Amino acid sequence: MPFLEIKNVRKHFANVDVLKGIDIAVEPGAFLVLVGPSGCGKSTLLNLIAGLDAISEGEIHINGARVNDLHPSKRDIAMVFQSYALYPNMTVAQNMAFGLEMRGVPKAERDRLVAEVAKTLQITHLLQRKPSQLSGGQRQRVAMGRALVRQPQVFLFDEPLSNLDAKLRVEMRTEIKRLHQAMKTTMVYVTHDQIEAMTLATQIAVMNAGEIQQLGTPQEIYNRPANTFVAGFMGSPSMNMVTAAVEDGAVNLPTAQGQSLRLPLGPAARSLAGYGKREVILGLRPEAITDPNGADRSGNAVARADCLVEVVEPAGSDTFVVTRLADKEVIARMRADADVRPGQLAPFAFAMDKAVLFDPETGKRIG
Amino acid sequence: MTTTVATSRIPRRGDRAMGWLQGQLPKLVLSPSLAVIAVFVYGFIGWTIVLSFSKSKILPLYQFAGFDAYDRMWRQPNWYVALENLGIYGTLYIGLCIALGLLLAILLDQRIRIEGGLRPIYLYPMALSFIVTGTAWKWFLNPGLGIEKVMHDWGWSSFTFDWLINPDMAIYTIVIAAIWQSSGFVMAMFLAGLRGIDNELVRAAQIDGASAFNLYRRIIIPQLRPAFLSAVIVLAHMAIKSYDLVIALTGGGPGNATELPATFMYSYTFTRNQMAVGAASAVIMLMTIMAIIVPYLYSELREPGHGR
Amino acid sequence: MAASVQAAQIGTARFWRVLIYTTLIVFAVMYLLPLWVMVVTSFKTLDEVHEGHMLALPEHFTTEAWSSAWGTACIGLTCEGISGYFLNSIKMVVPAVAISTLAGALNGYVLTKWRFPGHKWIFALMLFGCFIPFQVVLVPMAQVLGKLGIANSTTGLVFVHVCYGLGFTTLFFRNYYEAFPNELMRAAMIDGAGFFRIFWRILLPSSGPIIVVTVIFQFTNIWNDFLFGASFAAGGSAPMTVALNNLVSSSTGVKEYNVHMAAAMIAALPTLFVYVVAGRFFVRGLMAGAVKG
C-alpha cells in the first residue's frame, strides 16, 4: 500500500491555479523527487504535504490517514529548508532538541537522541556553537540533524543544497543518499537541479506549470521521456531534438552542406505503427551521438555519417562537438582525444536504438 | 508509528475549540491595541470635532451650534496672529534647518577626522525636552544678563538684543531655539543619505570633469530627494505641534506676540473657557497636518515590495 | 606639472580644508554654548549671576543651586524642590515604556508573521495615530480620565503615554520583524511551537537591537513630554517637565537663575545620559521614526 498518497490535489491563490490536479502514490521507503523549473509548483506541493499551506481541492494521505486538516506538527513529518532555518539564538544542541521539547519529551531522553544523531552526522563537536559560528555545510548538517532527531515518518527537503557551493553540493548529495539507504524512511525532495533528481531519486515527478509532466523512475524519465519538455529538462547538455520527415522507417535530415542525411530508425520504427503524420521530432541525447571509435559496437542500430563541425568544446573527460542538422544545433559527445576540427567534416556515429520520437504537434512521445 | 498518527488524527471536541482559538490568537492579541487606537485616537478626534460644533464654554455642552465656534475663531485677532506666526516660524524653521543640516552634512562628509566627535555635538539637543531648551535659551537671550551683556563686555556696547521682550521680534527667538534643537537631526538624515549615494556616480562625474560645486548641485543633491521629503514632513509636523518650546521660552508673549495655533487652542480651551473655539482650532491643526502627512503615508505604503 | 602650479593646488586644497574645519568647529561651539551657559550658571551664586558674565566660569564654585533645586526650591505652593517631581517622572516613564514596547512587539509580530486580509489598512490606521497633533485629543482625554477617576495621577499619565506611543512602537517592531526570515516561522511550526512560544523563544531573543531603539525612543519622548503632563497631571503628580516650567515661569519673587539652570540640568541629565551611552541607537530611533522602512 502506498505510504504517501496525493490524490487529485489542486491549489489556487486568488484566481491563479498553482497546482492543477496532482496524483502521486509513493511506496514506503521511497525517495520521491519533485523537479521542475521555477514556478512549476513543486515547493507549493511540498508545503501542502507539510501542512504549511491549505489544500484547495483533493486529499493527502500519510500512512493511510487523511491529513488535509492536520496541523504540521501533528503530521509526524520533518523538513529541511533551503536556508536551513536554524534558530539564531539557540545552540546547535538546542536547535536539534527544540521539536522534541515542544512535544514534551523529557530532557534526558532529548539529550540522548541529540547525541545519537550528532554522532551519525559527525557534528558532536559543534553542539554548543551557535548557527552564526558555523559554515554553510555545517549548518546544513545541523538542519538535517534537527529533522533526524524527530524520527518522523516522512522527511521533506526544500532545495536544501541550493545555497552550497558546487563541491559541497556533491558531497552532501552523497550523504543524503547514504542516509536514505541506512534509514529507509520515505523522503520527498524538491529541487530544480536535474542531476540531484537523477542521483537521489527512486521516483521522479517532473513538473511544469502546476502539472506533472511525467512520473516514473530515473531510468524511465531519462530514457523514455513522456514529452519534449521532460526530454529537454532532464539531462545536461539537453537532448537534441530536430524536426524531420519520416519515410520508410528512416528520417531524413537536411544537413548544413545542403544534402539530406538519412538515418534508419531501427527498433524505433516499430513505434510509428499507428502514427499517421509525415513529420516527427527526433530526440537523441548527446552521448548517443559520438565518434565511430567511441560508439557502442554492440548497439544494433548505429548509423554513420559525416557532418560539418561548427564548434569544438573540449571538456577534459569528453569533447562536445556542435554540428547542424535540419537547421538546428546538434551536440555530440565524443571521446576526449577525438580528431575533430571546426570547419571540417568529421565522421559521426548515431546510436539510433536510443532514439526517441515525439509528435511535433502535441510534443508527446510516440510509442 | 501508525498508532501515533491515528490517535493524533481523531479530533476531539476540545481539540477543535483549541484549534479555533489558536487560529484567532493573532487577531486577539492585536485587538487591544486596535481598540485603544480606535477609541483614543479616532474616537477622540470625532469627539473634538463634535465639540467644535457645540456650545461648549467651560465644560462640554452638547448642543448643536453649527459653525458658530469656527466663526468666532476666525474673528479673533489672536487667531490671525497665531496663523501669521506659524507661517513665519514654520517657513524659517523648515528652511533654515534644512539649509543648515545639509551644509553640516556635506561638510562632515568630507572625510573629517573629528567627525565622530562633532556629530554627537550637533545632535545632542534632540535629546533635550523643549522645556529645557526653552529655559536655556531664555537665559541665553536674557536682555541685560545674557548675550547682550556678553557683547557689551566684549566691547560692542551698542549691541542690543531685546528680541525676547520685543513683540515684533519675539517669534524669531523661537525660530532660533527650534533650529538649534532640530538641525542636528536633519543633518543626521542628510548624512545618511549622502553615505548611501553610490560612489561610482561621484567618480564618473569627476572623470566627466564636474567641479565640486557642480557635483553637488547637479548630481548629489538631487539624489537626496527622499531625505529632503522626509525632513520637510517631520519638521512641518513638529512646527504645527509646537507648544512646549513656546511656553518655556516666551509663554506666548510678550502679550500674545508669539501666539501659535497650539497655544491658542490651549488658552481658549482651558483658561478662556471657550472650549468650542479651542476645539475648532484643534480641528484646524489636525486638518493641516493631515494635508501634509496623508499623501506622504499613502505614497510610502504603496511602494512595491511593501505589504502582502 | 610645474612645481609652482602643484604647490598652488595643494595650497588651495589646504585652504579649503582649513575653512571646512573652522566652519565645523565654529558651529560646534555654537551648539555647545547654551549647554555651557546652563552648566556654568548652575554652579554660581546668585550674586555672581547678577554680575552678568554669562560665559565665564564660576569664581566661587558652589553646588548650592543644585541642592536648592533638588530639595528646597518653591514650585507652586510647596517648597520642596523638584525631587518629588523627578520621582513622578520615573514612576511614569518606566511602566509606560515597558507596556508600550511589549505591546508594540506583539503587534509587529502579528502584523508581519500572521498576516490577515486588511493588515495593511490596520497598520496604516495605527501609523497615522503617530502623527496627530495631541491638541485634538486633550479635551476628550481629560473627560475620560476624570470619569475613570485617574485624572491628575501618574496612572493616568502612564495610560495616556501608552495609548499614544503604541503607533511608534508598532512601527519599529513591524519594520524589524518584516525582515525576519519566514522560514524560521515554518520550521518552528513544524517543530510544534505555537503562537506565543514562537514569540518568546525565537523572535524576542533575536530582537535586541530594536528593543533598545524602541526603549530609548519611548523613554526620551515620554520623559521630555510637557503637554500631556501639564494637561493631565498638573498637581502633585506632575512630571519633571511641568515642575521645571512652573519653577522657571513663576512671576513672584526674585528669579534665581542659578537654581533654574540647575533644575533644567537635572531634568536634562537622564536623556542626555542615555544619549551619550547609547547614541547610536538613539539616532537609529530618530531615523526609523522619520523615514519609514
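Local features are reported where pLDDT is at least 70 and side-chain atom pairs count only at pLDDT 80 or more, whereas totals for chains, interfaces and linings use all residues. Residues are numbered from 1 along each chain as its sequence is written, and chains are lettered from A and ligands numbered from 1 in the order in which they are written. The predictor assigns the complex an ipTM of 0.87 and a pTM of 0.82.

**Confidence in chain C**

- The mean pLDDT of chain C is 87, and 95% of its residues score at least 70, pLDDT being the predictor's confidence in each residue on a scale from 0 to 100.
- Where pLDDT is low, the predicted coordinates should not be read in detail.

**Domains**

- Chain A is assigned domain 1 (4-224) and domain 2 (240-358), the bounds coming from an automatic or database domain assignment, and the centres of these two domains of chain A, taken over C-alpha atoms, are separated by 40 Å.
- Chain B is divided into domain 1 (13-52) and domain 2 (77-301), and 37 Å separate the C-alpha centres of these two domains of chain B.
- The contact between the domains of chain B takes five residues from domain 1 and seven residues from domain 2, where two residues are in contact if their C-beta atoms, placed from the backbone, lie within 7 Å.
- On the side of domain 1 of chain B that touches domain 2 of chain B there are three nonpolar, two polar and no charged residues; Ala, Val, Leu, Ile, Met, Phe, Trp, Tyr, Cys and Pro count as nonpolar, Asp, Glu, Lys and Arg as charged, and the others, Gly among them, as polar.
- Chain C is assigned domain 1 (3-70) and domain 2 (83-290), with their C-alpha centres 34 Å apart, and the contact draws twelve residues from domain 1 of chain C and eleven residues from domain 2 of chain C.
- On the domain 1 side of this contact in chain C, α1, α2 (46-51) and α3 (64-72) each supply at least two residues, and α3(C) gives the most, with five residues.
- That side of domain 1 of chain C divides into eight nonpolar, three polar and one charged residues.

**Contact of chain C with chain B**

- The contact takes 71 residues from chain C and 77 residues from chain B, and helix α1 (residues 3-42) of chain C gives the most to the chain C side, with eleven residues.
- By class, the side of chain C that touches chain B holds 51 nonpolar, 18 polar and two charged residues.

**Helix pair α6(B) and α13(C)**

- Helix α6 (residues 130-140) of chain B packs against α13(C) at an angle of about 150°, with the axes 10 Å apart; axes are lines fitted to C-alpha atoms, for helices over the stretch in contact, and angles run from 0 to 180 degrees between N-to-C directions.
- The two helices α6(B) and α13(C) are therefore roughly antiparallel to each other (angles under 35 degrees count as roughly parallel, over 145 as roughly antiparallel, 65 to 115 as roughly perpendicular and the rest as oblique).
- The crossing of α6(B) with α13(C) is left-handed, a term used if the near helix is turned anticlockwise from the far one by less than a right angle, with right-handed used if clockwise.
- B:Val132, B:Thr135, B:Ala136 and B:Trp139 of α6(B) make the contact with C:Tyr257, C:His260, C:Met261, C:Ala264, C:Ala267 and C:Ala268 of α13(C), a set of eight nonpolar, two polar and no charged residues.

**Helix pair α10(C) and α13(C)**

- The axes of helix α10 (residues 208-224) and helix α13 (residues 257-277) of chain C come within 10 Å and cross at roughly 160°, which makes α10(C) roughly antiparallel to α13(C).
- α10(C) passes α13(C) in a left-handed crossing, where residues including C:Phe219 and C:Trp223 of α10(C) meet residues of α13(C), among them C:Pro270 and C:Val274.

**Helix pair α2(A) and α4(A)**

- The axes of helix α2 (residues 92-102) and helix α4 (residues 136-149) of chain A come within 8 Å and cross at roughly 30°, which makes α2(A) roughly parallel to α4(A).
- The crossing of α2(A) with α4(A) is right-handed.

Technical notes. Helix = DSSP H or I, 4+ residues; strand = E, 2+ residues; numbered from the N terminus.
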